[in-house]
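Student: I have a structure open and have never looked at it before. Can you show me how to read it?

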Amino acid sequence: MRPRLAIFTDEPGWHGRQLARVFERAGYEAVFVSLTDCRVELGTSGHGLVVPGFDGALPVGAFVRGVPGGSLEAITLRLDFLHLLAALGCPVFNDGRTIERTVDKAMTTLLLRHHDVPTPPTCVTESHAVALAHVERAEAEGRVLVKKPLFGSQGKGLRRIVRASDLGFLLPGEVAYLQDFVHTGDGPFRDCRVMVVDGRAIAAMERSSHHWITNRAQGAECRSIPLQDTLAGIAERAAGAVGAAYAGVDLLRDRDGHWLVTEVNGIPAWQGLQRATGVDVTALIGSAFLARLDRGLAALA
Ligand SMILES: Nc1ncnc2c1ncn2[C@@H]1O[C@H](COP(=O)(O)OP(=O)(O)O)[C@@H](O)[C@H]1O
Ligand SMILES: [Mg+2]
């Protein structure tokens, strides 16, 4: 029987199909599993983790394509599965720690700063009074801010804060993530996405839009751009800062030409990047994962 690996996803879609093809070509059977269907079942013995589709055994590796949102408890349990799998010797890609660090924009921002990766000035607080004071200072100094959901993705829920009155109230339990707005110059708004795999930048694209939120999911246009050294180097350091095996790094170039990292995605999509650049991103990410499995299996032999 072929060794079975798990692709954690709720919607296999294009990425799932592409990955499954790469894994099956390499002699593995790929099983799509939702993290919502895994469970802990501790009897008197055994590892206690049930991954549906594996007949009581564990996958030889797990590729994480999606961790569905939910309550704090549900998300904690889903992350527990990733940590437990790794503790039981199953390579998890990206691992639970990287996913935690990248899902949480405050943690990403702190790690970027601690690794000397350029990122815009940012304030994160639970306190409305602190957030308001930050916004008032920015307004007095003529700086525009962006307010982002701490766990946001795909450009959803971002707001520009130009005046103190734009802040409004914080919802109960809401955290204010406030970042200086980076002006990129004349013309359409643009930012850049670089994919880093195993510490190397492999492809880059520019995303441009008439709207300042330039996610592909928000309708931005994507075009391939050269992997110029400075851009590649900063993106590689950003992926390293969060310990990612692979990552989609978002960068903005300010009016002085300096790159600033705004986000590191630990569960990035790459369909748009693959189409825009012609680089076989699936093959590169797939092989990086398979190399980890091979190293794991060799260690057991
Ligand atoms: N500090 C900023 N200044 C200007 N535009 C920004 C800034 N941060 C984010 N954006 C825009 O918003 C988009 C989404 O922000 P990002 O931090 O990548 O969050 P998401 O997880 O929603 O992708 C970016 O691709 C960029 O176009
Ligand atoms: Mg982004």
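Tutor: Start with what a contact is. Two residues are in contact if their C-beta atoms, placed from the backbone, lie within 7 Å. Keep in mind that this is a predicted model.

Student: Which residues of α2 meet which residues of α3?

Tutor: On the α2 side, they are L79, L82, H83 and A86. On the α3 side, G96, I99 and E100 meet them. By class, this contact has four nonpolar, two polar and one charged residues.

Student: How do I describe two helices that pack?

Tutor: Two packed helices are described by the angle between their axes and the distance between the axes. Here, α2 and α3 pack at an angle of about 150°. Their axes are 8 Å apart.

Student: What does that angle make the pair, roughly parallel or roughly antiparallel?

Tutor: Angles over 145 degrees count as roughly antiparallel. The helices α2 and α3 are therefore roughly antiparallel to each other.

Student: How many of the residues of helix α3 are buried?

Tutor: A residue is buried if 20 or more other C-beta atoms lie within 10 Å of its own. In α3, residues 96-103, six of the eight residues are buried, so the helix is largely enclosed by the rest of the structure. The buried ones are G96, T98, I99, R101, T102 and V103.

Student: What covers the buried residues of α3?

Tutor: The cover includes two helices, α2 (72-87) and α4 (105-114). Strands β5 (62-64), β6 (92-93), β14 (246-253) and β15 (259-265) are also among the elements that cover them.

Student: Is D80 buried, partly exposed or exposed?

Tutor: D80 sits in helix α2. It is partly exposed, with 15 other C-beta atoms within 10 Å. Now look along the chain from D80 to K147, 67 residues apart. Their C-alpha atoms are separated by 29 Å.

Student: Now the whole chain. How many helices and strands are there?

Tutor: The chain has eight helices and 15 strands. Its radius of gyration is 20 Å, close to the 19 Å that the globule rule gives for 301 residues, so the chain is as compact as a globular protein of that length. Buried residues make up 40% of the 301.

Student: Where are the domains?

Tutor: The domain assignment gives domain 1 as 4-93 and domain 3 as 122-180. Domain 2 is assigned two stretches, 106-116 and 184-280. The C-alpha centres of domain 1 and domain 3 lie 36 Å apart.

Terms used
Residues are numbered from 1 along each chain as its sequence is written. Chains are lettered from A and ligands numbered from 1 in the order in which they are written. This is a predicted model: local features need pLDDT of at least 70, side-chain atom pairs count only at pLDDT 80 or more; totals for chains, interfaces and linings use all residues. A residue is buried if 20 or more other C-beta atoms lie within 10 Å of its own, exposed if 12 or fewer, and partly exposed in between; C-beta atoms are placed from the backbone. Helices (H or I, at least four residues) and strands (E, at least two) are DSSP runs, numbered from the N terminus. The radius of gyration is taken over C-alpha atoms; the globule rule is 2.2 Å times the number of residues to the power 0.38. Domain bounds come from an automatic or database domain assignment. Axes are lines fitted to C-alpha atoms, for helices over the stretch in contact, and angles run from 0 to 180 degrees between N-to-C directions. Angles under 35 degrees count as roughly parallel, over 145 as roughly antiparallel, 65 to 115 as roughly perpendicular and the rest as oblique. Ala, Val, Leu, Ile, Met, Phe, Trp, Tyr, Cys and Pro count as nonpolar, Asp, Glu, Lys and Arg as charged, and the others, Gly among them, as polar.
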